[in-house]
Amino acid sequence: MKVLCTRSGAVKVVRLEGGDALETGLAAEVKRAVLEALEGAEDAVLDLSAVEFMDSAGIGVLVSVFKAQRRRGRRLVFAGVCGGVAAVLELLKLDRIFVCLPDVGSAVRALSA
């Protein structure tokens with residue numbers, strides 16, 4: 001799985017791409033790459049639109065990245081959360097903690113407002 005970074009105004013956009021599952025075998029590498037991409041960053045969007053499945057290790061990645069942004073005093077919005085990933089976040093009640101928006105554009109607008 002690749003971690004691709006772009007910028008939309010003052011917001012950093014990090015996209016997970018190149019695989020449809022964020023699971024145990026990839027979690028440590030993805031976590032490291034996302035945290036590195038967000039190091040020193042301002043508010044950010046994590047685009048999960050290419051991710052269809054996530055196990056507990058993948059959820060751990062989201063929680064770690066979210067907490068790291070909060071420690072920096074920055075916000076993180078998740079974009080493109082759908083299907084099985086949305087169901088898992090809802091089941092774990094993380095949808096009440098995370099801001100999840102349908103697409104990158106709406107996430108960027110929310111952070112820019």
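Helix axes here are lines fitted to C-alpha atoms over the stretch in contact, and angles run from 0 to 180 degrees between N-to-C directions. Helices (H or I, at least four residues) and strands (E, at least two) are DSSP runs, numbered from the N terminus.

You are looking at a predicted model, in which local features need pLDDT of at least 70, side-chain atom pairs count only at pLDDT 80 or more, and totals for chains, interfaces and linings use all residues. Residues are numbered from 1 along each chain as its sequence is written, and side-chain values use heavy atoms, with hydrogens and water left out.

**Two helices side by side**

Let's start with helix 1 and helix 2, whose axes come within 9 Å and cross at roughly 15°. That makes the pair roughly parallel, the term for angles under 35 degrees. Contact means heavy atoms within 4.5 Å. On the helix 1 side the contact includes V30 and V34, and on the helix 2 side V61 and V65 are among the residues taking part.

**The nonpolar cores**

A nonpolar core is a set of buried Ala, Val, Leu, Ile, Met, Phe, Trp, Tyr and Cys residues joined through side-chain atoms within 4.5 Å. Buried means under 20% relative accessible area, exposed over 50%, and partly exposed in between (1.4 Å probe, protein chains only). The largest such core has 26 residues, and L16, L46 and F78 have the most contacts inside it. Among the elements that give two or more residues to this core are helix 1, helix 2 and helix 3. A second, separate core has 8 residues, including V13, A79, A107 and L111.

| Residue | Contacts within 4.5 Å include |
|---|---|
| L16 | M1, V30, V34, L46, D47 |
| D47 | V14, R15, L16, A79, V104 |
| M1 | L16, L22, L26, V30, V51 |

D47 sits in strand 4 and is buried, with a relative accessible area of 7%. M1 belongs to the segment before strand 1 (2-8). The C-alpha atoms of M1 and L22 are separated by 8.0 Å, although these residues are 21 apart along the chain.

**A loop residue**

Finally, K93 lies in the loop between helix 3 (83-91) and strand 7 (99-101). Its phi is near 65°, a positive value in a residue other than glycine. At 42% relative accessibility, K93 counts as partly exposed.

Terms used
Parallel < 35°, antiparallel > 145°, perpendicular 65-115°, else oblique. Lists of a residue's contacts leave out its neighbours within four places in sequence.
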